Amino acid sequence: MRASKVVNERQIRVTWDKISTGIIGTLQGYRVKYRESTAVSQWLKIQVSSSETAAVIKKLKVFTKYDVMVQGFTSMGDGDWSSMLVSVTTDEAGKVTTQL
C-alpha cells in the first residue's frame, strides 16, 4: 500500500501501486480492509476492480484511529495483505489531520 490520507472527518482515501509482476492468474481486483485501531472488532472490507489503485473508506467515526490494509486477488486466489497503515479521521471542524 502506498498511503492513506484523510479526506474529511468521516472518510479516508487509500492508494496503492498496481500489481504488475509476480502474480499467478489474472488480476481480478483489490480488497481494502479496515477497523478501528482500538477495537478488537471484525475487519470491514470493500472491493474495487483491477483497474483501480485507490478507494475511499466512508461512514467512519469522527476523530478515530483506523488500521487499513490492501490485498490483490486473481483468478487463482488471494494475494498477501499489505503492511498495515494507521490513519486518524479529523474532528468535525476538520482541524485535526493526523496521519501515522
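Me: What should I know about the source before we start?

Reply: This is a predicted model, where local features need pLDDT of at least 70, side-chain atom pairs count only at pLDDT 80 or more, and totals for chains, interfaces and linings use all residues. Residues are numbered from 1 along each chain as its sequence is written, and side-chain values use heavy atoms, with hydrogens and water left out.

Me: What makes Trp16 and Tyr30 an aromatic pair, and why is the pair called tilted?

Reply: The search of the whole structure finds one aromatic pair. Trp16 and Tyr30 form it, at 5.2 Å centre to centre and 50° between the planes. Rings of Phe, Tyr and Trp (its six-membered ring) pair if their centres lie within 6.5 Å; planes under 30 degrees apart are stacked, over 60 edge-to-face, the rest tilted. So 5.2 Å passes the distance test, and 50° falls to the tilted class. The pair links distant parts of the chain, 14 residues apart: Trp16 is in the loop between strand E2 (11-15) and E3, Tyr30 in strand E3. Strands here are DSSP runs of at least two residues (E), and numbering starts from the N terminus.

Me: How do you know whether Trp16 is buried or exposed?

Reply: Buried means under 20% relative accessible area, exposed over 50%, partly exposed in between (1.4 Å probe, protein chains only). Trp16 has 2% relative accessibility, so it counts as buried. Tyr30 has 1%, so it is buried too.

Me: What makes Lys59 stand out?

Reply: Lys59 has a positive phi of about 60° although it is not a glycine. It lies in the loop between strand E5 (54-57) and E6. Its relative accessible area is 81%, so Lys59 is exposed. Phe63, in the loop between E5 and E6, also has a positive phi, about 45°, and is not a glycine.

Me: Why is E6 said to be largely enclosed?

Reply: Nine of the ten residues of E6 are buried, so the rest of the structure largely encloses it.

Me: How do you know which strands pair with E6?

Reply: Two strands pair if DSSP finds at least two bridges between them. E3 and E6 have nine, in the antiparallel sense. Tyr34 stands opposite Val68 in E6. E6 and strand E8 (residues 85-88) have four, also antiparallel. E6 and E7 have three, again antiparallel, and form a hairpin with two residues between them. In E7, Asp78 is the bridge partner of Phe73.

Me: What makes Arg31 count as a charge over a ring?

Reply: The test asks for NZ of Lys or CZ of Arg within 6 Å of the ring centre and within 35 degrees of the ring normal. Arg31 lies over the face of Phe73, at 4.0 Å from the ring centre. The charged end of Lys33 sits over the ring of Trp81, 4.4 Å from its centre.

Me: What supplies the lining of the largest pocket?

Reply: A pocket is an open set of points on a 1 Å grid where a 1.4 Å probe fits, with protein on both sides within 12 Å along at least five of seven lines; lining residues have an atom within 4 Å of a point. The largest pocket has 20 of them. Strand E3 (27-36), strand E6 (65-74) and strand E7 (77-81) each supply at least two. The largest share, five residues, comes from E6.
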